[in-house]
Each structure stands twice: as C-alpha cells, then as structure tokens.
Amino acid sequence: MVPPFPQEQAARVCRTMLKELAAGTLTLVRTGAAGTDRAHDGVMLGALVCRDGSGSEIVLKTVSGISHELRPAAPAGDGSIYVPPVVSAGAIAAALERNDKIIHELTADIKRLKAARRNDDGSWAHPGAQEYELILRRKALTSESLQAVFALYAFHCADGTVRTLQDICRERLFFAGKYGEPALPPVGTGDCCAPKLLDYAFARGLLPVSMCEVFYEPSADAAAAGTEAASDGGQPGGARVSDTARVSDIARMSGMQYPPCDERCGVVLPAMLGLEILYRDDDIIVVNKQSGVLSVPGRGPDKQDCIVNRVRRLFPHCMTQPSVHRLDMETSGLLVLAFNDEAHRCLCRQFEQGTVHKQYTALLDGNAVRAGIAEQGSMELYFRLDIDNRPHQIWDAEYGKKAVTQWQLCGLETYRGPDGAGRTVTRVLFTPHTGRTHQLRLAAADSHGFSMPIVGDTLYGRCAAGERLMLHACSLSFAHPADGRRMEFTCTVPF
C-alpha cells in the first residue's frame, strides 16, 4: 500500500520515540508470552498526528501486534496517547482456548504417525488414511479457531460506521466476483499499527493529518551504543537474532519507514478509509474505485456517498469539485482526482485533448469467437440520451455523439455466477478514444456493436442477485499536472 496520509510530521514523532526507547524514557514491554523462536523479533512503531473538532493537535502512538505495549517512564506531557490493540491478547487467547488442547493432541498424533512411516533407508512411506483424517480434522479445527478470533474484530471507519472484519472480508470477495469462497484473512489482520491508530482516531471523531510507521528492534539500541552486530536480513517483524553478526543489520533497519503492509492492512484500510488509495501527493490522488459506489454526488441525500465526498472527508484541503473524469457506479477501477484548481485545469485539458490513455477489462456475456467478432478492431458508434428512459443511451446516427472504441479479445473462459452455474464468457480489453456516457457498455451490448452485453449489466444486459458489472478500469496514464512527468497506473482486475 502507499501511505494514505503525509508521513513527515508523524515521522518526526517516530524518531522521537526511537530516541526515547534508546534513552530508557520509553519502554517496550512484552505483555504476552514470548515464543522461543521469536524472542528477539523486531516490531513496528506507529504514530498518527490528528486534529480534533476544535483544531487542537493530538498525537497517537502504538506498537504492532498484541504482545507488546509502549510505556513512558513519566506521564506524557505533550498530549500523546498510547493506543492499545483493537482486540486484547486475553480475548484472543480465550477464543483460541476452546480448540487449543485438541489441536495440540492431534498434532502430537500426526507427528507420531509420520515418524512410524519412516523406512530404514531414511525414505518415507505414503501417509495412511488415519493420518490424512487427523490432518483434515486439525485443519477444520484451526479454521474454526481463526474464525472465532476474527469475529472479535470490528473497526471504526471514516464515515462514522463500525464494520466487522468478517463483513469487510465478505465484501472484498463480493466485489472481486469470487462468490462462495471463504472469507479468511491472514493471521494478525487488524494488529498492525495503521488500523489500530485509525480505529482509535475514527472512534473519537479525530481527523488524521499525518501517519508513519518505523521498524524497531530493541537490540539495535545496544548496537547504536557500540555493540557491533548484524541481522539475518529478514523482513520487519520477523528478524530473529541468533548471533552478534546479525544485530548490526537490524540496527541499520531500525528506524526505517514503511508504508502499511499489503497483506494485512490492504484488507482493512480501504474499508476503514472508504478509499483504496494507489497514489497521493500535494496535487492529485489516484484511487481504485469499488463497484457500487458513485464517482460524484448525485441528486438527493441518498446519493451523496461517493468517491469525491470520501476524498474530501479525509482531505479537507481538497477543492470542492475535484473530479476530472468519472466511472459508472457499477464500474470499478482507476480514478484520478485533483486537490487544487491548477491540477484540475491541467487534467481536464488532457482529457479534452485526448492525451489521457485508458484501458478497461470486461467479460462479455457469451462466446465472441462463435459470434464472429474479430480478435481486434475499432468501432465508431453514435448515441444520445433516451429522454424517456433515463439514463439509457440509444443509437442515433444523426444526432448522437460519436464514440470511438478499440478492442482486443483476450480469450474465452468459464464464468460462475452467484448461483454457482457456469457459462462461457469472453474476456476483452477495451481502449476508449472518447469519453461518452456508457460507451463501453453500449459497444458490447448494442446491435451496432457486439450484441453481447457485459456480464452483470443492469441497464443493457442481465444482472443476477449478488452480481456486479464485470467492467474494470485497469490502466490509466496522464501527465502529472505539476511537472509534466508521465504517470502510469495499472490496477489488478478483480474478476
């Protein structure tokens, strides 16, 4: 993930924490049982600088995981708040206790059976039916225990709602089109610094201003004091120290800044923020818009939740009308917005002049090869608004606006809808050279185009209950409005 907020101010707080830890005025205390194989692991320290409703600055500090906490030697005089885990170690231990004994017994039995099938020559016989049965039983109990732990997690979000981790995971699978798959996030999801800090801030109506995370290994303090040492080059949070040659590398790693992690924070932060931020600077922000969310506000109070208002909620300095292009509510993918007037003018000019490059991936509801559609080509279609059936567009060769679309078929595949039934669909890459309303949906569905609507199209095709429009803006390229450098973004297709 990219850092969702500026880092500089919070980075200064993190550097101060490192100095306090080295001086002993701040202590990293282990509150959970220490594992023998991870006794010297490093942790991430996090800081979030916020403002409350009166504009006063509040500094939040925390440490990653559930088995450590930060304790100052004296009460903080700078208004700092030390944020605890979202779920306590005790609550997690209680959730795991139900199956813990039997899982350990099964593990012991599996090890015994495995040892018994070792041949005299050192080779291994194939596992028997009893061993397979025990492995499957242990797997089911482990999954049950993890689900019990994940059920404890709920996060306060920027929009004032509280969302459970289970709901967040189910929604991610829904938008990805992976219907029916288990929603099981990585172990430790929700225990990183960023979700802890943001959960605490949003629960109290605080506005995030700056956030930063740095790696910290306690033995690095000794190295900084003159003890020569090194690490095994492991990743932050998992660098085990086994000899003095390893501690100096960890010392060099200590204090390094890291963005929120993709594996765990990438699951919860987009839901908490209401945005999946792919890039952000002082002039622009690029997001991966989820299907089902408006790009800009609509008419009426029920249509105010949109990408524009979500951006302005997180970044109050953003201009009132930051949008320079739109995606249909049901379309997902890349969207760029401007923070200021100059950036807005520059980006709008690029869209008007056709120098912005966009590509979309779609699933056509049918076999395009059998229908005789060429592998690649370009089409010119003419559409206008059907004033008697808004927001539908209809063919009008005389008064319609020209829509130019280039396409390339990517292949046939089997698509399974929410009901589990499979059917043949065609993956296609669209490159629009104009920006007309519903241009790609019409290129697919209209008789002057492919006569084959996009899967999940509520306007021009069919959409089953629990299904989404299979159209995703996967590539976007433009010149940065501040310095003219070419910015190119790609976004993984979620279906």
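In what sense do E2 and E8 pair, and over how many bridges?

Analyst: E2 and E8 pair in the antiparallel sense, over nine bridges. This is a predicted model, in which local features need pLDDT of at least 70 and side-chain atom pairs count only at pLDDT 80 or more, while totals for chains, interfaces and linings use all residues. Residues are numbered from 1 along each chain as its sequence is written, and side-chain values use heavy atoms, with hydrogens and water left out.

Some terms come first. Strands (E, at least two residues) and helices (H or I, at least four) are DSSP runs, numbered from the N terminus. Two strands pair if DSSP finds at least two bridges between them. In general, the strands of a sheet pair through backbone hydrogen bonds, either parallel or antiparallel.

E2 and E3 form a hairpin with five residues between them. Gly-55, in the turn, has a positive phi of about 95°.

The sheet that holds these strands is open and has five of them, in the order E5-E3-E2-E8-E9, with mixed pairing. Its edges are E5 (80–82) and E9 (257–258), each of which pairs on one side only.

A contact means heavy atoms within 4.5 Å. Of the contacts between residues at least 6 apart in sequence, 65% join residues at least 24 apart.

On a 1 Å grid over the protein atoms alone, a cavity is a set of points where a 1.4 Å probe fits but cannot get out, and a pocket is an open set with protein on both sides within 12 Å along at least five of seven lines; lining residues have an atom within 4 Å of a point. Points are joined across faces, edges and corners, and a volume is the space filled by probe spheres set on the points.

The structure holds two cavities of 30 Å³ or more. The largest cavity contains about 50 Å³ of space. E8 (residues 207–216) gives the largest share of its lining, three residues. Among the residues lining this cavity are Met-211, Cys-212, Glu-213 and Tyr-258. The lining has seven nonpolar, one polar and one charged residues, where Ala, Val, Leu, Ile, Met, Phe, Trp, Tyr, Cys and Pro are nonpolar, Asp, Glu, Lys and Arg are charged, and the others, Gly among them, are polar.

The second largest cavity has a volume of about 30 Å³. Its lining includes His-325, Leu-327, Tyr-360 and Ser-475. E13 and E18 (471–479) are the elements that give two or more residues to this lining. By class, the lining has five nonpolar, three polar and one charged residues.

The largest pocket has a volume of about 1,600 Å³. It is lined by 41 residues, and the closest to its centre are Arg-326, Leu-327, Asp-328, Thr-437 and His-438. The elements that give two or more residues to the lining are H10 (341–353), E13 (357–364), E17 (422–432) and H11. The lining divides into 15 nonpolar, 16 polar and ten charged residues.

H11 covers residues 439–445 and includes Gln-439. Gln-439 counts as buried because its relative accessibility is 6%. Thr-405 is 34 residues away from Gln-439 in sequence, yet their C-alpha atoms are 7.9 Å apart. The side chains of these two residues are joined by a polar contact of 2.8 Å (a pair of N or O atoms within 3.5 Å; within protein, one must be able to donate a hydrogen and the other to accept it, and residues adjacent in sequence count only if both atoms are side-chain atoms). A polar contact of 2.9 Å joins the side chains of Gln-439 and Thr-434.

Note on methods
Buried means under 20% relative accessible area, exposed over 50%, partly exposed in between (1.4 Å probe, protein chains only).
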